[in-house]
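Here is a short briefing to read alongside the model. Please keep the structure open as you go through the points.

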Amino acid sequence: LNSSEIKSSIKEFISLNEVDMIRNELLDEMSIAFKGLSQFEIENLLSLAYAENGELTRSDLKLIFEQKKQIIMKSGILEMIPLKEKLEDIGGLDNLKKWLNKKAKVLKNLEKAIDFGVDIPKGVLIAGVPGCGKSLNAKAAASLFEVPLLRLDMGLLMGKYVGESEANMRKAISLAEAIAPCVLWIDELE
């Protein structure tokens, strides 16, 4: 489902269940959070969120991310990393921090940015010796962007049969695209 279809599903759920209408900002956030889920899964999660406290609130976004985490765990290729690191935990790398802060503004106002013609951030390649903060940067970026962090370990992709590695890579990328927006941390790239 695309964003407009997800928004219409949420509005339909609200009208059918006579729930208080939610703000447009929350509707936008929920439509982004529900990306990658089926119509059935969206309806179930809305019902579960409504059953908890009789309304739809921003705290229900955690429920959506938990559902996505279950999908990731079932795949066996990607891993969803819990976040507790912040950008302030990174020493130095001032240019990277500035770039990440600019991109965070774009991601938090994605619809407006797309309408305005701003380029959506694609990624960054960080290389260095062990212990220089590459992993910390991935965790801090996901925390700053307020999106899930997916770790793709290249060692898990390798298969013993011809074509298995490529199939695993296609599966991992399609899963990350379904969960998007997210930070995809490709570890042990070499």
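Arg151 is buried, with a relative accessible area of 17% (buried means under 20% relative accessible area, exposed over 50%, and partly exposed in between, using a 1.4 Å probe and protein chains only). Together with Glu79, Asp153 and Asp187, Arg151 belongs to a network of salt bridges. This is a predicted model, in which local features need pLDDT of at least 70 and side-chain atom pairs count only at pLDDT 80 or more, while totals for chains, interfaces and linings use all residues. Residues are numbered from 1 along each chain as its sequence is written, and side-chain values use heavy atoms, leaving out hydrogens and water.

**The salt-bridge network**

- Seven salt bridges turn up in a search of the whole structure; the term stands for a side-chain nitrogen of Lys or Arg within 4 Å of a carboxyl oxygen of Asp or Glu.
- Glu79 and Arg151 meet through their side chains at 3.4 Å, N to O. This pair links distant parts of the chain, with Glu79 in strand E1 (residues 78–81) and Arg151 in strand E2 (residues 149–153), 72 residues apart.
- Arg151 also forms a salt bridge with Asp187, where the closest N and O atoms are 2.9 Å apart. Here too distant parts of the chain are linked: Arg151 sits in E2 and Asp187 in strand E3, 36 residues apart.
- Asp153 is another partner of Arg151, with 3.8 Å between the closest N and O atoms.
- Asp187 counts as buried at 14% relative accessibility, and Asp153 is buried at 19%, whereas Glu79 is partly exposed at 39%.

- Helices (H or I, at least four residues) and strands (E, at least two) are DSSP runs, numbered from the N terminus.
- E2 is largely enclosed by the rest of the structure, because five of its five residues are buried.
- Leu149, Arg151 and Asp153 point one way from E2, while Leu150 and Leu152 point the other way.
- E1 and E2 run antiparallel and are joined by four bridges; strands count as paired if DSSP finds at least two bridges between them. In this pairing, Glu79 stands opposite Arg151.
- E2 and E3 run parallel, with five bridges between them, and Asp153 stands opposite Asp187.

**Nonpolar cores**

- The largest nonpolar core has 20 residues, of which Ile10, Ile22, Met30, Phe34, Leu46 and Leu56 touch the most other members. Such a core is a set of buried Ala, Val, Leu, Ile, Met, Phe, Trp, Tyr and Cys residues joined through side-chain atoms within 4.5 Å.
- Helices H1 (3–16), H2 (24–33), H3 (39–53) and H4 (60–75) are the elements that give two or more residues to this core.
- Another core lies apart from it and has 16 residues, among them Leu144, Phe145, Leu149 and Val183.
- Not counting residues up to four places away in sequence, Ile22 touches Ile10, Ile14, Leu27, Met30 and Leu56 (contact means heavy atoms within 4.5 Å).
- In H2, the buried residues are Leu26, Leu27, Met30, Ser31, Ile32 and Ala33, and their cover includes H1 and H4.

**A nonpolar surface patch**

- Leu125, Leu184, Ile186 and Leu189 form a nonpolar patch on the surface, with about 380 Å² of accessible area together. Patches take residues with over 30% relative accessible area and no salt bridge, joining like charges within 9 Å and nonpolar side chains (Val, Leu, Ile, Met, Phe, Trp, Tyr) within 5 Å; accessible areas come from the Shrake-Rupley method with a 1.4 Å probe, and for residues only the protein chains shown count as cover.
- Leu189 lies in the segment after strand E3 (183–187).
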